[in-house]
Amino acid sequence: APVETPPPPAPEPQIVPARVTRGAVAVYPERCAMRAGEKVSVSVIFSITTEGSPISASVASSDNRCFNSAALRAVYDMRFSPRTIDGAAAIETG
């Protein structure tokens, strides 16, 4: 009986992560800076649309809540080249 050969494995998808095309600088309220320590950290998580715009931003962690709104505004001012999978734009969360 002839031996059937298994089909070749599917190729790995070519994934290109989103990249920043326009950065933004957070403008923090002076009242926050006056009461802050030497170093403050705000981590923001968000998704990037297929058009390269940030959406659904939220603060993941923060050393000082006074800085959160400014950090979120800065994220929404940024633009990205979208993530692509095999050449097609795809939403990215990170």
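A disulfide is taken here as a pair of cysteine sulfur atoms within 2.5 Å. By this rule the count comes to one disulfide, which joins C32 to C66 with an S to S distance of 1.8 Å. The torsion about the S-S bond of C32 and C66 is about -75°, so the disulfide is left-handed. The pair links distant parts of the chain, with C32 in helix α1 (residues 30–35) and C66 in the loop between β4 and α2, 34 residues apart. The structure is a predicted model, in which local features need pLDDT of at least 70 and side-chain atom pairs count only at pLDDT 80 or more, whereas totals for chains, interfaces and linings use all residues. Residues are numbered from 1 along each chain as its sequence is written, and side-chain values use heavy atoms, with hydrogens and water left out.

Helices (H or I, at least four residues) and strands (E, at least two) are DSSP runs, numbered from the N terminus. Residues are classed as buried under 20% relative accessible area, exposed over 50% and partly exposed in between (1.4 Å probe, protein chains only). On this scale C32 counts as buried at 1% relative accessibility, while C66 is partly exposed, with a relative accessible area of 21%.

In helix α2 (residues 68–77), the buried residues are N68, A70, A71, A74 and V75. They cover an arc of only 165° around the axis, which puts them on the same side of α2; the arc is that of the directions from the helix axis to the C-beta atoms. The buried residues of α2 pack against β3 (42–48) and β4 (54–62), contact being defined by heavy atoms within 4.5 Å.

Two strands pair if DSSP finds at least two bridges between them. Strands β3 and β4 run antiparallel and are joined by six bridges, with V42 opposite S62 in β4. The hairpin of β3 and β4 has five residues between the strands, and G52 in this hairpin takes a positive phi near 95°. Three strands form an open antiparallel sheet in the order β1-β6-β7. Its edge strands are β1 (15–16) and β7 (88–90), each of which pairs on one side only. Two bridges connect β1 and strand β6 (residues 83–85) in the antiparallel sense, and I15 stands opposite I85 in β6.

Rings of Phe, Tyr and Trp (its six-membered ring) pair if their centres lie within 6.5 Å; planes under 30 degrees apart count as stacked, over 60 as edge-to-face and the rest as tilted. The structure holds two aromatic pairs. The rings of Y28 and F67 have their centres 4.8 Å apart and their planes at 70°, so the pair is edge-to-face. Y28 lies in the loop between β2 (19–22) and α1 and F67 in the loop between β4 and α2, so the pair ties together parts that are 39 residues apart in sequence. Y28 is partly exposed, with a relative accessible area of 37%, whereas F67 counts as buried at 6% relative accessibility. The rings of F46 and F80 have their centres 5.7 Å apart and their planes at 45°, so this pair is tilted. F46 lies in strand β3 and F80 in strand β5 (residues 79–81), so the pair ties together parts that are 34 residues apart in sequence. F46 is buried, with a relative accessible area of 15%, and F80 counts as buried at 9% relative accessibility.
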